[in-house]
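Hello,

Please find the structure below. My notes on it follow, beginning with a term they rely on.

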Amino acid sequence: MADCGPIGRSARRSKARTLAFGRGRFADDLRFPGLRHAAFVRSPHAHARILDIAAPARPGVRVVTGREIAGICAPWRGTADHLPGLVSPPQYPLAVDRAAWQGEPVAAVVAGSRAAAEDAAEDVRVDYEPLSAAVGKERALGRGAPPAHPDLGGNLCFETVRAGGNADAALARAARVAARTFTFARQTGVPLEPRCVVADFDPGARRLTVYGTHQSPWQQQDSLALLLGLPEHAVRVIVPDIGGGFGVKLHVYGDEIAVAALAMLLGRPVKYAADRMDSFLGDIHARDQTVHAEIGIDAEGRLSGVRVDALTSVGAYCAYRRPAVSEGLMTVTMAAAPYAHDDYAGRLRVVFQNKPPSGMYRGVGQPIACAVVEQLLDWAAHAAGIDPLEIRRRNYHRADAYPLKTPSGLAVSRLSLAACLDRLVAMMDYDSLRRRQAAQRADGVLLGIGVATFIEMTAVGPVYYGPAGARVSTQDGATVRLEPSGVVRCVTSAIELGQGTLTGIAQIVAARLGVRVEDVAVEGGDTAATPYGGGAWASRGLTIAGEAAWRAADALAANLLDLAGAVLQAERESLLLAAGGVCDRATGRRRMSLADLAGVGHFRQDSLPPGVQPELAATRHYVPDAAPFALANGVQASLVEVDPETGAVRPLKHWAVEDCGRIVNPLLVEEQIRGGIVQGIGGALYEECCHDAEGQMLNATLADYLVPLAAGMPDIAVGHVETPTEGTRLGTKGAGEAGTVGAGPAVMLAVNDALRPTRARVDRWPITPETVLAALAEAGGAREIRGLAKTGAGVE
Amino acid sequence: MDEFIDITTRINGETVTRRVEARQHLVDFLRLELGLTGSHLGCEHGVCGACTLRVDGVIVRGCLMLAAQADGAEVWTIEGVSDSGEIADLQEAFIDRNALQCGYCTPGMLLTAQEMLAQGHRMSRAEIREFLSGNYCRCTGYHAIVDAVETVMERRFGG
C-alpha cells in the first residue's frame, strides 16, 4: 500500500463543522410546497380485534384506515429462505382487522400541520374488542397460552440448534461446572432523532421520492417499489442528515411505508415525524433474552463443554428483510467463540409476543453471548482458585490455530486476544487496582473489577442475506472523479450517521491519489445519484465502502497516469501520483499538477494525441469475498463501586483494547468505541422496556426509560492492537459495535466481583438497585455484608 | 385551538413580531415560523435537552416554553450564537475532539456548555458531567464532550 499518508491520521470531520453550527439538515427540517402532515392512530391494546373505525368529518383532514392502505400496498412477511422453520404472519403497513401490539398503527390522519393531524387523530373513534395477549416469553410457549396470532397455531416463531462435539459428555467429565440462568431485558435503541419520513409523489410521472431517516436507502427503495407496485427506477430514496440510528433505522416500518402510500393516494407530499412515544411503541425493540448457560472446566481450567439455551422474542412480527431471530442466532453462534473448545450445544427458541417487533440493535445478540460465557468463566475461575485473567489466557485459541471453525459453526479468522489482554492489563495497571480493591474492601467499600473478552462480527458479506432471499445488498460502491480544478469528488453508497465514514473514505481516496484530504469531497445518501450499495449496518462502512473507494481511486489513478503519459509523452509506468500532482517514479520530480492534468482532460482534449480518451472518473464495487465477515476482537475492563445499602452501581472507570484491523482514523475509531461502550453500559445498568401483564408498556417516555447521562458515566481509556484483515487492500475491520458488545459484560463481571464477599450474584440486566438488593437479600441480607467484608471472608 | 396571541420578541438580536397560536411551543415557533431548524426535537417532554435555547440569559427547554411566553424576551439559538462568534472556541473544541457524532444533540449541548462556561471558573470533570446531565447524547458516550469543555475552560480561565 503505497501513498498511505492520510490513512492512520486523525483527520477532522468536515460534517462536524456543519452540525456544530446548527446547519445540519435533518428530515424534519425539510420543507416542501403543498406539504401535508401525517399522524397515526395507534392501538391502545396489546391485542385487539378492530371492529370499526369512525372519524368526524373535518375540513382539510383525511383519515385513512389500514384496509384502505392495504388496497394499494401489499403486505410483507418476515421469513427467510435459509431458515425454513421460521414462520411469521403477513404484516400490513397499518393493522387490518386486528392489532397485534400496543402502538401498532391502525389508521393514518393527514392534515395541514403536524399539530392539526395529531388533534384529528384524537377524534378518530376505533371500536376494539380486546383479545388475550401473549406477553411473557416463558408463558408464551406453555399449554393454553394466549396466541399472539390466532391463526398461527402457537407462539413459536423459530427453533434451531447450533452444536458440535458432545457437550453432555464434556460437561459430565468436567472438573467443575458453572451454570446460571440469565435474563436480559427488552430494550430499544433511542436514537435522539426520532424516525421521520417525507414522501413526495409526482402523480403525472408516477415517480416517488422519499426523504427519510434510513440506514439503508437501497433496501427502502426496493421495499417501496415492490410493496407499492412501482418500477424501481421510479423510486428514489434520499437520506439527509440522520440523528443516530444504531439499527433502529434499518428496518421496514409500517408507518413509513404508509406515508409513501398516502402520498400516492393524495398526490401530495406527506411528512411523518415520530414523537418520542411513537418511537418507544413503534421503533424496534431488542435483546429480550433468557439464557441458561453452562460451562465446564477441567483440572487445568480448560473448557470442557459449553451449553447455551436461549429463549428470545421477536415481538408481534418477525422483522421484514432483517429477520429478528438474528438476535438469538448471534447469541448461540458467538458464545464461547474466543475460546478453544470442542463440545458445544446451543439451542435457540424464538417466540411471538404481543409486543413491538424486535430487530437489529447495535451488537445484535453478541453482548449476551459475551456476557454469559465471561461471567461463568469468572465464577468457574474463582471456584477453582485460578486467576480470572489466567483462565482466559489458557483458553484463548492458540496463535497457530487460525483459521478455525468453532463447534457452533463460526468461521474464526486471526484474532489478537492475548495481545489485547496484555495491553489492557498494562493500561489499567491491573495489579494495583486489585490491591486498591482489597484495601477498600477492608473498609467496607465494595469495588469490583470485570474483564471481558469479546469478538465482534463486522462487515458481513453475502453469506447471510443472500441465501435468506432478503434482497439486501452487502456490496458497496464508489465513483471517484477528478474535477476540472484538480480536486476530487467521491460519490459513495455508504451512509453516514455520525460515525465519520465519509471522512474515512476521503482519507482513503486522498491516500491513493496522493492529494490532501481536504481536496476530496465525499457525498452519499441518494439512490438515484450514487452507486448501488448496502448502507450502514454491521459495522461495515469503511471495510466495504472504504474498500470500494480505494479500488475506485486505484482505477482512477491508472486512468490519470494513462492521460498524463499521453500529455507528458512518458511511459505510464514511469509516473506516479503524489503531492497533488504527477511525479517521476524514479526521481520523485513533479512533472505536472493534477489541476493542469484535469484542465487538459476536461477542456483541452484538442491538445491530446489522436485516439486518447480522457477517463477522469472510475467506479468500483466491493463485496467481501475472502471471508464471510471480518471478525474484530478485543478486551474491556470495568471498575465499579457497588453501594450495599442502596444497591446502586457506579461505574468508576472503563478500559477497552480493541483490534479493528488497520485503523484509518484513530480519532473516529476511539469515539465509536467510547459511544458503543456507554450504550453497552446503558443496557447493563439502566435500559428496559417495562410491560405489564396485559402488554402495556409502562415507561414509554424519556423520563421513565433511563439512558446513560454524562454524570453516571465513567471516563474511558481506549487502546489498539492492529491485525489487518487478510484478503483486502485496506485491511480494515468494523469498529461500530465493539464497544457495545464488551461493555455490559465487563460491568456485570465487575458488579459480581464487587459482590463476591457477600456471596450475592446478579444475573439480570439491567442491574438496577432493586436487582442488587434482591441478590443481596437472597445471599443473606445487606446487614451482614460489612461484617463479611471486614473479616475478608467470603472469597470463594 | 384557534386562540392566537401577538408577540414581539428578540430572536438572535433581531426584533420579531408575529401572531402565534397560543399553544405553540417556542421551539416549534422557531423551527416552523422562522426556519431556525438548528434547535431539535428529541422528546418533546422536557427531558433530552435537544431543544435547549437561551431565553433572557438562561438556558431553557424550548419544548416546555410557549412561544407566547417569549413575548418581550431575548431568545438566542444555535444559529445566533454561531453567527455572533460567541461560542466559536467551543465549536472548534467540539470539532477538534470529535465531541459530536450525529450532531442532533450538539446545538443544545453547546448552549448548555456555554452557560457552564459563563460561570467564569474551571470545574472538575465530575462537575462538568453533572452540569451536562440535562442534555442527552446517544452517540459519543460523553467523554469527548467533557474533554472539549475542559479544554475550553483551560483556555478561557487558564491552566
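A residue is called buried here if 20 or more other C-beta atoms lie within 10 Å of its own, with C-beta atoms placed from the backbone. Please keep in mind that this is a predicted model.

The first topic is strand β1 of chain A, residues 36–42. Seven of its seven residues are buried, so β1(A) is largely enclosed by the rest of the structure. The burial applies to both faces of the strand. On one side are Arg36(A), Ala38(A), Phe40(A) and Arg42(A), and on the other His37(A), Ala39(A) and Val41(A).

With strand β5 of chain A (residues 105–111), β1(A) runs antiparallel, and six bridges join the two. With strand β12 of chain A (residues 270–273), the pairing is parallel and has two bridges.

Chain A puts 43 residues into the contact and chain B puts in 42. On the chain B side, the elements giving two or more residues are α2 (78–83), α3 (88–97), α4 (106–117), α5 (125–131) and α6 (143–157). The most comes from α3(B), with four residues. Sorted by class, the side of chain B that touches chain A has 20 nonpolar, 15 polar and seven charged residues.

Regards

Conventions
Residues are numbered from 1 along each chain as its sequence is written. Chains are lettered from A and ligands numbered from 1 in the order in which they are written. This is a predicted model: local features need pLDDT of at least 70, side-chain atom pairs count only at pLDDT 80 or more; totals for chains, interfaces and linings use all residues. Two residues are in contact if their C-beta atoms, placed from the backbone, lie within 7 Å. Ala, Val, Leu, Ile, Met, Phe, Trp, Tyr, Cys and Pro count as nonpolar, Asp, Glu, Lys and Arg as charged, and the others, Gly among them, as polar. A residue is buried if 20 or more other C-beta atoms lie within 10 Å of its own, exposed if 12 or fewer, and partly exposed in between; C-beta atoms are placed from the backbone. Two strands pair if DSSP finds at least two bridges between them.
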